[in-house]
Amino acid sequence: SKEDSSKFAAANIAIAENLALDLTEDHYLASSYHRNNPGTVICYPKNVFDGNYGTGLNDIWTPKADDQNPWIGVKFDEEVTLNTLIITERYNAGAFLKELTVEVSDDGVTWKSVQKFNIDNSSAGTQSKTMEIKLDVPATGKYMRIANLASDDPTSGNPTFSHVMEIEIYNLLTEEDLVVIDMDGHVVEGKWKPSIEHNLHR
């Protein structure tokens, strides 16, 4: 029926692609990454772009303890436009990210600050946390990074860095951009909200 075909079209057109998912390891960049002395725990930057939401220490990224300016990012094969990031953090004594800046670059050397975010963790609880970061204006570049990362242990006030589980990067359609057409080629009236398809590799 027309109703069924309309729903089918809407479901397909609203899916967005995670631009950072499953690139080769050399595409993932970071200021540093934590590695313990025996080498049994290695928190590679690639860990947070693989679609795996595991909570083990070898499933996350966190920088070295003495990293004074931690950042993590992606080198794309070509220039991309992005407007939405989904960041999932593993619970680490309540040390969730409290601020970050999204930056882009054409060469991976000179960076342009796009937007800074201050994050309210007052209702974070004691479980893993997922937050959506939406840029006021879409950003374009061959490189993207999340910089000026800061987090604190709320119990002691000492610097304790967040355990980042996963970062997803999207250029999500806005409601104004989204037009749904049914299988007969007719525009489907109504307001449609874009949705994100999470590619989970378990």
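Guide: The model is predicted. Searching the whole structure gives three salt bridges. Side chains of opposite charge can pair when their charged atoms come close.

Take glutamate 103 and arginine 145, whose side chains form a salt bridge with an N to O distance of 2.7 Å. This pair joins distant parts of the chain, with glutamate 103 in strand E3 (residues 97-105) and arginine 145 in strand E5 (residues 129-151), 42 residues apart. Glutamate 103 and arginine 145 are both buried.

Another salt bridge is made by the side chains of lysine 46 and glutamate 25, at 3.7 Å from N to O. Here too distant parts of the chain are linked: lysine 46 sits in the loop between strand E1 (28-30) and strand E2 (72-90), glutamate 25 in the loop between helix H1 (2-13) and E1, and the two are 21 residues apart. Lysine 46 counts as partly exposed because its relative accessibility is 30%, and glutamate 25 is partly exposed as well, at 47%.

The remaining salt bridge has the side chains of glutamate 132 and lysine 134 at 3.6 Å, N to O. Glutamate 132 has a relative accessibility of 46% and therefore counts as partly exposed. Lysine 134, at 42%, is also partly exposed.

Lysine 134 leads on to another side chain. Glutamine 115, in strand E4 (residues 111-118), is in contact with Lys134, Leu135 and Asp136, among others, when its neighbours within four places in sequence are left aside. Leu100, Thr101 and Val102 are also among those contacts. A polar atom of the glutamine 115 side chain lies 2.8 Å from the backbone nitrogen of aspartate 136. Glutamine 115 is classed as buried because its relative accessible area is 15%, and the cut-off is under 20%.

The structure has one cavity of 30 Å³ or more, and the largest cavity holds about 30 Å³. Its lining consists of Trp61, Ile72, Ile87, Leu97, Ile146, Leu149, Val164 and Ile167. At least two lining residues come from each of E2, E5 and strand E6 (163-170). By type, the lining has eight nonpolar residues, no polar and no charged.

Technical notes
Residues are numbered from 1 along each chain as its sequence is written. This is a predicted model: local features need pLDDT of at least 70, side-chain atom pairs count only at pLDDT 80 or more; totals for chains, interfaces and linings use all residues. Side-chain values use heavy atoms; hydrogens and water are left out. A salt bridge is a side-chain nitrogen of Lys or Arg within 4 Å of a carboxyl oxygen of Asp or Glu. Helices (H or I, at least four residues) and strands (E, at least two) are DSSP runs, numbered from the N terminus. Buried means under 20% relative accessible area, exposed over 50%, partly exposed in between (1.4 Å probe, protein chains only). A polar contact is a pair of N or O atoms within 3.5 Å; within protein, one must be able to donate a hydrogen and the other to accept it, and residues adjacent in sequence count only if both atoms are side-chain atoms. Contact means heavy atoms within 4.5 Å. On a 1 Å grid over the protein atoms alone, a cavity is a set of points where a 1.4 Å probe fits but cannot get out, and a pocket is an open set with protein on both sides within 12 Å along at least five of seven lines; lining residues have an atom within 4 Å of a point. Grid points are joined across faces, edges and corners, and a volume is the space filled by probe spheres set on the points. Ala, Val, Leu, Ile, Met, Phe, Trp, Tyr, Cys and Pro count as nonpolar, Asp, Glu, Lys and Arg as charged, and the others, Gly among them, as polar.
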